[in-house]
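Trainee: I would like to learn how to read a few features of a model. Can we go through them one at a time?

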Amino acid sequence: LFRVIANSPAALEGYFGLMGALSKGRLDAKTHERIALAVAEINGCGYCLSAHSYLARHVAKLDDAELT
């Protein structure tokens, strides 16, 4: 997805605008990453699971038990 979006400045700008708007929501980082991990697992998306595992550990500070 990102490889394709990166070829279009307008699409990339739109994506980052959407992500910026969503980041202003009411969920805290821990809850956001818990949900993102569950969705990535259910969808079988290795890229998303890897990215959100990193964010969960380093940004949201989830422990190993929760990541597992």
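Trainee: Which residues lie nearest the centre of the largest pocket?

Mentor: First, the general idea. Rolling a probe the size of a water molecule over the atoms shows where empty space is left. Now this case, which is a predicted model. Tyr-15, Met-19, His-32, Glu-33 and His-52 lie nearest the centre of the largest pocket. In total, 25 residues line that pocket. Its volume is about 740 Å³.

Trainee: Which elements give two or more residues to the lining?

Mentor: Three helices: α2 (9-22), α3 (29-43) and α4 (46-58). The largest share is from α3, with 8 residues.

Trainee: What is the lining of the largest pocket by class?

Mentor: It has 17 nonpolar residues, 5 polar and 3 charged.

Trainee: How many aromatic pairs does a search of the whole structure find?

Mentor: The search finds 1. Tyr-15 and Phe-16 form it, with 5.7 Å from centre to centre. The planes are 65° apart, and the pair is edge-to-face because that angle is over 60 degrees.

Trainee: Is Phe-16 buried or exposed?

Mentor: Exposed, because its relative accessibility is 52% and the cut-off is over 50%.

Trainee: Where does Lys-61 lie?

Mentor: In the loop between α4 and α5 (64-67). Lys-61 counts as exposed because its relative accessible area is 56%.

Note on methods: Residues numbered from 1 in each chain as written. Predicted model: local features only at pLDDT ≥ 70, side-chain atom pairs only at ≥ 80, totals over all residues. Heavy atoms only, no water. 1 Å grid on protein atoms, 1.4 Å probe; cavity = no way out; pocket = protein on both sides within 12 Å on 5 of 7 lines; lining within 4 Å. Points joined across faces, edges and corners; volume = space filled by probe spheres on them. Helix = DSSP H or I, 4+ residues; strand = E, 2+ residues; numbered from the N terminus. Nonpolar A, V, L, I, M, F, W, Y, C, P; charged D, E, K, R; others polar. Phe/Tyr/Trp six-rings, centres within 6.5 Å; stacked < 30°, edge-to-face > 60°. Buried < 20%, exposed > 50% of the residue type's maximum accessible area, 1.4 Å probe, protein only.
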